[in-house]
Amino acid sequence: MGTVFLMASKEIKNMARQRTLWTLLGVVIGLMLLGLYTGHQVYRQQKLMVDRASDQKRTEWLEQGEKHPHIAAHYGTYVFKPKTILSLFDHGLDTYTGTSVYLEAHYPHEFMFRPVQGYGGAIRFGELTAALVLQLLLPLLIIFITFQSFTKERETGTLRLLISQGVSVRSILMGKVVAFTLVGFIVLTPFFIGLYLLSGEESENQVITDVGLRTVLLFGIYALYLFVFTGFSVWVSLKSSSARNALLTLLTFWMVTGVIIPKTAANFGETLYPLPSMKAFKEGIHSDIANGMDGAGSRLEREARLKEDYLAHYGVTSLDQLPLNFEGVRMQEGEEYSNKVYDAHNDKLYARFEEQNRIGSLLAFVAPYMAVRNLSMAMAGTDWYSFNDFTAKTETYRRNLIRTMNRDMAENSRYGEFFEYKADEKLWESIEDFRYVSFTAQRALSFYRAELLALTLWVLWILFLMTIPRKIKNL
Amino acid sequence: MLEAIDLTKKYGGFTALDSLNLTVDEGDIFCLLGANGAGKSTTINLFLNFIEPTSGRALINGLDVTEHARKTKQWLSYIPENLQLYKNLTGLENLEFFCGLGGVGQDRDALESLLLKSGLQKDFVHQRVDRYSKGMRQKVGIALARAKGAKVLLLDEPTSGLDPKASNEFSELLLEMKDQKVATLMATHDLFRAKDTGTHIGIMKEGTLLETMETSEISFNDLESKYLRHMHA
């Protein structure tokens, strides 16, 4: 261990005296901190806008005046997915999924189906964010710092002098990996400290209740990724006969695992598990609502059965004899059936998404970038599962809102009466304001077991590689 | 201290070293003379365990260098033709680092004094090595051997490219090491330096040790004649 420490110290001292390296690191750190600052400004503006819009929509809902509950159900309201502080680090799918949804009676807003329209290959690439810098550009920086780590020693002859001291190749390799990993930490640490400090603000709105933990986990994920890339790069340098070969090998690895495989994964997923077109998806839903699923009969037949059931249940012969407004019951039953149809179609659609995502997850075993990209989005709360969670909770809220309106109509108005009956703000107030709270980091990670396993295996593989070398050829 | 027993190295059908047998005792400076490709550097590399023998054994202090690689390296110090150090570190820092790797715990003052004793000018001790001449780097190599208390010195063309003054200084340092009972095996083209510094000379050609002699028993002219005769044979 003493030798590893000595090697690492020497490497750090050697690098510390390279002005160009420090200039490069300074530029990268400066850009990332600047990105953090500007990202935070954007986050605050967006959060302010979302808060204002949410307040405005809530006020509009409460102050909509007296009206029939069904009209209120169509008047509807907007809910907004609050930005999380971590989304400034990794936008993930937020840009493509949107962050607001309009809630009204009969059907979920288009927002829910947006993935059908927009799930092309591009959505899996993300946009230029601090996360992308760490996922793709930091490895590139590591490659440029490390590709000569052994080849230069071999070319200048210092490697012979090192080995002649009785130092094992493993110790030299480990020492270099430790030193270069520490240099990488110089880039990572200030950024994540800044993010952690800023994340304190998140406790105010509690969208993510464990934002501090998520920031620490993000740091851990990127630290492991850094170690994997550093270890691999130094190992390639050890095994390469020249600096040129090492650089070519590493750039090829970077290109294949960081660009080609993610792109291929998206295209491969779409080919293997094609999604229905927006038109076909909608038509399927409308058809099943109109004609019924699994032999349930058409809408008219279902309504006729409902009417008969109610008349029989209350022992009356006409709807106006019922102790409640059958129109409210009919509307709610229609809602329930529509919900059932939507759920069935959505389940099929989401199963397809999951199949596509699984391909990406499996490719994490050959491309560490895939593992880190997915885990990063998960921790930032901007991944597909977080989006699903948000849409599911808004849909639950919408269904409760509509159910409340229909129940009020059924219980407080009479059959045949529509415009005559008006509910007031007491009813509007009974609908609590929508407030989104994301699931925990632990639950978020549970969706990415394959990625966690892949990253762990990558780390173990690098550690294993570091224990293999016993002798260097062509000294 | 140093012993080669039927030491052979082949690369496919090419024999780089053929059944070498030699012994270098404490206080001996054994110079291997020969043209390029004679097997001198192969011999040094085999003792350093940089390459493994096809057959035969290379022993340092009685231990086989392939079986006891780490132990035998603790006893030796190696100075190649063009000793390269870490250019961003000073001579003293390089010495500290390599001593540390060799498990030698010497304080800075002692190491600085060793550098000075090895002929490095005081002004250069704390200067980065990228400002050093080749001769100055060789002196750091000698200081390292001294700091390690090396029992064996393996030198591969150490004076090649040095000016006469630097070569003389280097020879003097070798003679000091000789007095400290260090066994030295030096590969060289330099007949004059071999005769002047060595205790024994071996003439090699095409992987074979053709003849060995003690320098005290041969004049420079006779050595030159023998060498040329072997080379032209």
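Figure 1. Helices (H or I, at least four residues) and strands (E, at least two) are DSSP runs, numbered from the N terminus. This is a predicted model, in which local features need pLDDT of at least 70, side-chain atom pairs count only at pLDDT 80 or more, and totals for chains, interfaces and linings use all residues. Residues are numbered from 1 along each chain as its sequence is written, while chains are lettered from A and ligands numbered from 1 in the order in which they are written. An unreviewed UniProt entry lists "transmembrane region" at residues 21-39, 128-151, 172-197, 217-238 and 447-468 of chain A. UniProt positions are given in the numbering used here, feature names are shortened, and annotations may be inferred rather than shown by experiment. For residues 217-238 of chain A, the end C-alpha atoms are 31 Å apart and the chain is 100% helix and 0% strand.

**Figure 2. The fold of chain A.** Chain A contains 19 helices and two strands. Its radius of gyration is 29 Å, well over the 23 Å that the globule rule gives for 475 residues, so chain A is more spread out than a compact globule. The radius is taken over C-alpha atoms, and the rule is 2.2 Å times the number of residues to the power 0.38. The C-alpha trace of chain A spans about 105 × 45 × 30 Å along its principal axes.

Figure 3. Four strands of chain B form an open sheet in the order S2-S1-S4-S5, with antiparallel pairing. Strands S2 (14-24) and S5 (63-64) of chain B stand at the edges with a single partner strand each, so one side of each is left without a neighbour in the sheet. Two strands pair if DSSP finds at least two bridges between them. Strand S1 (residues 2-11) of chain B is joined to S2(B) by seven bridges, and B:Tyr11 has B:Phe14 in S2(B) as its bridge partner. H1(B) lies across S1, S2 and strand S4 (55-60) of chain B, at about 115° to S1(B). For such angles, axes are lines fitted to C-alpha atoms, for helices over the stretch in contact, and angles run from 0 to 180 degrees between N-to-C directions. Eight of the eight residues of H1(B) (residues 40-47) are buried, so this helix is largely enclosed by the rest of the structure. A residue is buried if 20 or more other C-beta atoms lie within 10 Å of its own, exposed if 12 or fewer, and partly exposed in between; C-beta atoms are placed from the backbone. After H1(B) comes B:Asn49, with a positive phi near 65°.

**Figure 4. Helix H3(B) and the contact with chain A.** In this pair, 18 residues of chain B are in contact with 19 residues of chain A. Two residues are in contact if their C-beta atoms, placed from the backbone, lie within 7 Å. H3(B) gives the most to the side of chain B that touches chain A, with four residues. Eleven of the eleven residues of H3(B) are buried, so this helix is largely enclosed by the rest of the structure. Its buried residues pack against helices H1 (2-16) and H8 (158-163) of chain A, and against H4 (108-117), H5 (122-125) and H6 (134-148) of chain B. Just after H3(B), B:Gly103 has a positive phi of about 80°.
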